[in-house]
Amino acid sequence: MKPIAMKSFADFVAGTEATRMRVLRQYKYPSEEGLAMSRYYHPAKSTIIEFNRDNRDIDWALDQAAELEKKALTPSKSLRNKLVLNSKAIRNYVQYFGDQHFNILKDEKFPFSLNEVKINVTPDIHTTHKEQDWYIKLYFGAKRPKYEFVRAILNCMAYGVSVNRGKIAGESIVFVDVVRGNISLGVKLTDEIIEELAQHCADISDLWQAL
């Protein structure tokens, strides 16, 4: 079975039966469209990373957003929508978080396996806060994320970091809803949370075989 990205795992957990089938089909029968969707917000994400890493000012970030808007003058409706949404995401980030800069540390990945399902945990930002490692996942969706989606991301990251790095404080796992300026912190990793993750992985394994 192919490894599954953390966001796709969260989409599966929070989704309807139809959504769950769609998520797994994208992995079992990959397409160019699916790959493109996985990188949909790459322009906004890379701009935010550079803004923090190179200590750029707000005007620089807004210039990047404006450049995307200029490029959005294209006959392709799908490309136009992508560029406009990425531009908006940058402006939202500046609005809510532009007054601070994170010290960007080396990217890290924290894969784990449960019930023969491998989940690739990839935080977007690795930084430190009060002498403690922080792992941050950025969310750019136009729709407000479901509680189950956010919880799945936080618990998935916490477990992945714990498996690969040892015990970690729950609050060092952070989910940032960039569009709405909301921040959610992880909670202490418990046996119940691990059992819940394992059950979701078992559900994925069962459905994968049925596709």
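In this predicted model, Phe9 touches Ile4, Ile119, Ala152, Cys156, Leu197, His200, Cys201 and Ile204, leaving aside residues up to four places away in sequence. Phe9 is also one of the residues with the most contacts inside the largest nonpolar core, a group of 38 residues in which Ile4, Leu24, Ile119 and Val121 are likewise listed as having the most contacts. In soluble globular proteins, nonpolar side chains tend to be buried together.

**Nonpolar cores**

**Packing of α4 with α6**

- The axes of helix α4 (residues 42-53) and helix α6 (residues 77-97) come within 8 Å and cross at roughly 30°; because angles under 35 degrees count as roughly parallel, α4 and α6 are roughly parallel to each other.
- The crossing in which α4 passes α6 is right-handed.
- On the α4 side the contact is formed by His42, Pro43, Ala44, Thr47, Ile48, Phe51 and Asn52, which meet Lys82, Asn86, Ala89, Ile90 and Tyr93 of α6.
- By residue class, the contact of α4 with α6 divides into seven nonpolar, four polar and one charged residue.

Terms used. Residues numbered from 1 in each chain as written. Predicted model: local features only at pLDDT ≥ 70, side-chain atom pairs only at ≥ 80, totals over all residues. Heavy atoms only, no water. Axes fitted to C-alpha atoms, helices over the stretch in contact; angles between N-to-C directions. Helix = DSSP H or I, 4+ residues; strand = E, 2+ residues; numbered from the N terminus. Parallel < 35°, antiparallel > 145°, perpendicular 65-115°, else oblique. Left-handed = near helix turned anticlockwise from the far one by under 90°. Contact = heavy atoms within 4.5 Å. Nonpolar A, V, L, I, M, F, W, Y, C, P; charged D, E, K, R; others polar. Core = buried A, V, L, I, M, F, W, Y, C linked by side-chain atoms within 4.5 Å. Buried < 20%, exposed > 50% of the residue type's maximum accessible area, 1.4 Å probe, protein only.
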